[in-house]
Amino acid sequence: MNTALIVIDIQEDYFPNGKFPLSNPENAANNAQKVLEYFRSNHSENIFHIQHIAPDDSFGFFEPNTEGIEIYEAVKPKNNETVINKQLPNSFINTDLQEKLQEKNIDNVVVVGMMTQMCVDATVRAAADLGYKVTLIEDACASSELIYKEHTVSAKDVHYSFISALKFAYAEVYTVADFMDQK
């Protein structure tokens with residue numbers, strides 16, 4: 001199987017001092033870096049970095065031409081790695097990700113990134129719906145708490161709720177340690 005790594009939105013605005021800090025993004029980024037280094041050593045031609053850039057400043061973060069859109073240093077792309085800009089949660093919508101994966105005859109994708117409950121979820125579901133075998137590295141992802149009316153859901157509960165749902169029908173789910181052990 002031809003395998004690609006998709007690194008979703010590990011960007012400065014999700015870290016402390018950013019405009020939308022997540023829960024424990026540093027740990028997720030460090031784990032994503034381990035997976036990225038594995039791919040750099042084994043599948044360097046099949047690495048895709050997804051960078052969310054909001055269409056304007058009404059989004060509240062990932063504003064164009066700000067430091068917040070910069071990809072975090074631990075997973076910063078190298079010159080030979082593809083960067084795909086997007087404006088929506090699903091990394092396939094209005095981008096050339098699908099075309100680039102098809103050009104390389106990719107049939108298996110490994111996903112890491114941010115936010116578990118938004119862009120990671122949308123991209124994993126889309127990839128599976130498009131026929132890719134999806135592997136999700138859950139501890140290389142980060143989320144935030146969610147609030148609905150008087151209900152607050154912790155970032156940890158949000159993360160594991162979405163991971164559990166994705167594992168049910170859309171992806172094989174591993175920790176970075178388990179992923180590396182199987183290689």
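**Figure 1. Charged groups of the chain.** The mean position of the 14 positive charges and that of the 27 negative charges lie 4 Å apart. The model shown here, as in the other views, is predicted. The accessible surface of the chain amounts to about 8,900 Å². Carbon and sulfur atoms contribute 46% of that surface.

**Figure 2. Overall fold and dimensions of the chain.** Five helices and eight strands make up the secondary-structure elements of the chain. Read from the N terminus, their order is β-α-β-β-α-β-α-β-β-β-α-β-α. The C-alpha atoms occupy a box of roughly 45 × 35 × 30 Å along the principal axes.

**Figure 3. Burial and contacts within the chain.** Of the 183 residues, 49% count as buried. Among contacts between residues at least 6 apart in sequence, 75% link residues that are at least 24 apart.

Figure 4. Ala155 is 131 residues away from Asn24 in sequence. In space, the C-alpha atoms of Asn24 and Ala155 are 9.3 Å apart.

Figure 5. How many disulfides does the structure hold? The structure holds zero disulfides. For Cys119, the closest cysteine sulfur belongs to Cys141 and is 11 Å away, and therefore too far for a bond. A disulfide would require the two sulfur atoms to be within 2.5 Å. Cys119 has a relative accessibility of 2% and so counts as buried, the cut-off being under 20%.

Figure 6. Which residue holds the cysteine sulfur closest to that of Cys141? That sulfur is in Cys119, at a distance of 11 Å, so the pair is too far apart for a bond. Cys141 is buried, because its relative accessible area is 7%.

Definitions and conventions
Residues numbered from 1 in each chain as written. Predicted model: local features only at pLDDT ≥ 70, side-chain atom pairs only at ≥ 80, totals over all residues. Heavy atoms only, no water. Helix = DSSP H or I, 4+ residues; strand = E, 2+ residues; numbered from the N terminus. Buried < 20%, exposed > 50% of the residue type's maximum accessible area, 1.4 Å probe, protein only. Contact = heavy atoms within 4.5 Å. Areas by Shrake-Rupley, 256 points an atom, 1.4 Å probe, with all protein chains shown as cover. Lys, Arg positive; Asp, Glu negative; His and termini not counted. Charge placed at Lys NZ, Arg CZ, Asp CG, Glu CD.
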